[in-house]
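Please open the structure in your viewer and keep the sequence beside it. This tour tells you what to select at each stop and what is there.

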Amino acid sequence: MESLRIIDTWPVPTAAAAVVRADGTVLGTHGPTSTHRFPLASVTKPLAAYAALVAYEEGAVELDEPAGPEGSTVRHLLAHTSGLAFDEHRVTAPPGNRRLYSNAGFEVLGDHIAKASGIPFAVYLRQAVLEPLGMTSTTLDGSPARDGVSTVDDLVRFAAEVQAPRLLDPRTVLEAQSVVHPGLKGVLPGYGHQSPNDWGLGFEIRDSKSPHWTGASSSPATFGHFGQSGTFLWIDPVAGVACVALTDRAFGPWAAEVWPPFTDAVLSEVAG
């Protein structure tokens, strides 16, 4: 895909990208997609969320069982509505009241699943998601909110799985990409206040957010995540494709400038 070559113009030391269809067909790759392992930052969260949903389907946890602050549940933690602060284990709002993006919430979620399953969360993630998908270059070495390391090729496997689930019931994945607690306001890190700030179970949902890190032509149904390490993964179910782009430069104005037109170019080439 010619559009993927746009990453060569990005002001980053290293970048790699790929596009994959729902049936697993890789439409194109560019850059060191298999040889370079990138820190994922918050693109770790969808992987952690998928492991949490496996735990749910295995019966280790229930989505509406208590977890985290008083009144909070597993579902609240996944949807950033537990009331926990961004990076502190401190309650700043009642559960379900506001969309407070929270790394702490995902750390509490990881601890909760580890306790319920009797397996350290990093091991659970590896056994439940990474090994079955052949994601042999992906590791979690710390927080389930941000400490994943992976390659583009591994995340392509994950993106194909989310589009055509084998590890989970498709109805569970549909719920994960549907808005939890509709209408809640909140701050999308790096992009400011959004009303509404829609989120699913571990996946951010584009809807009508503006500004946003996806493209102007991305469908409102687009969902995924970006990371402060200069990484993103989006899935556009209307276009029937997913795109992964990983870099080794921290997110900043450069990313906000180049990511949306890149996405639009990818979607245009797919449609054309």
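The stops below go from helices to aromatic rings, then to a sheet and some backbone details. Keep in mind that this is a predicted model.

**Stop 1: helix α1**

Select residues 44-58, which make up helix α1. How far apart are the end C-alpha atoms of this helix? They are 21 Å apart, and this agrees with the 21 Å that 15 residues should span at 1.5 Å a residue.

Now look at how much of α1 is covered. Twelve of its 15 residues are buried; among them are Thr-44, Lys-45, Pro-46, Leu-47 and Tyr-50.

Lys-45 lies over the face of Phe-106, at 5.9 Å from the ring centre.

**Stop 2: from α1 to α5**

A search of the whole structure finds 16 aromatic pairs. Select Tyr-50 and Phe-158 to see one of them: the pair is edge-to-face, with 5.2 Å from centre to centre and 80 degrees between the planes. Tyr-50 lies in helix α1 and Phe-158 in helix α5, so this pair ties together parts that are 108 residues apart in sequence.

**Stop 3: a tilted pair and its cluster**

Select Trp-213 and Phe-232. Their rings form a tilted pair, 5.9 Å from centre to centre with 45 degrees between the planes. Trp-213 is in the loop between β8 and β9, while Phe-232 is in strand β10, so the pair links parts 19 residues apart in sequence. Trp-213 has 1% relative accessibility and so counts as buried; Phe-232, at 0%, is buried as well.

Trp-213 and Phe-232 belong to one aromatic cluster with Trp-10, Tyr-191, Phe-226, Phe-251, Trp-254, Trp-259 and Phe-262.

**Stop 4: helix α7**

Select residues 253-271, which form helix α7. This helix has 19 residues and reaches 28 Å from its first C-alpha to its last, close to the 27 Å expected at 1.5 Å a residue.

**Stop 5: a three-stranded sheet**

Select β3, β5 and β4. These three strands form an open sheet in the order β3-β5-β4, with antiparallel pairing. The edge strands are β3 (38-41) and β4 (139-140), each of which pairs on one side only. Between β4 and β5 there are two bridges, and Leu-140 stands opposite Gly-148 in β5.

Step to Thr-151, in the loop between β5 (148-150) and α5 (152-163). Thr-151 counts as buried because its relative accessibility is 1%. Leaving out residues up to four places away in sequence, Thr-151 touches Thr-33, Ser-34, His-36, Arg-37, Ser-137 and Leu-246.

**Stop 6: the loop between β7 and β8**

Select Trp-199, in the loop between β7 (192-194) and β8. Trp-199 is buried, with a relative accessible area of 1%. Its side chain reaches the backbone oxygen of Phe-203 at 3.5 Å. The C-alpha atoms of Trp-199 and Tyr-50 are separated by 15 Å, although the two residues are 149 places apart along the chain.

**Stop 7**

Most residues other than glycine have a negative phi, and most peptide bonds are trans. Which bonds and residues here depart from that?

The peptide bond from Ser-195 to Pro-196 is cis, with omega near 0 degrees, and Pro-196 lies in the loop between β7 and β8. Another cis bond joins Ser-210 and Pro-211; Pro-211 is in the loop between β8 and β9.

For positive phi, select Ala-41 in strand β3, where phi is near 50 degrees. Ala-41 is buried, with a relative accessible area of 12%. End at His-80, in the loop between α2 (74-78) and α3 (103-117). His-80 has a positive phi of about 60 degrees and is buried, at 2% relative accessible area.

Methods
Residues numbered from 1 in each chain as written. Predicted model: local features only at pLDDT ≥ 70, side-chain atom pairs only at ≥ 80, totals over all residues. Heavy atoms only, no water. Helix = DSSP H or I, 4+ residues; strand = E, 2+ residues; numbered from the N terminus. Buried < 20%, exposed > 50% of the residue type's maximum accessible area, 1.4 Å probe, protein only. Contact = heavy atoms within 4.5 Å. Expected span 1.5 Å × (residues − 1). Phe/Tyr/Trp six-rings, centres within 6.5 Å; stacked < 30°, edge-to-face > 60°. Lys NZ or Arg CZ within 6 Å of the ring centre and 35° of its normal. Polar contact = N/O pair within 3.5 Å; in protein donor to acceptor, adjacent residues only side chain to side chain. Pairing = 2+ DSSP bridges.
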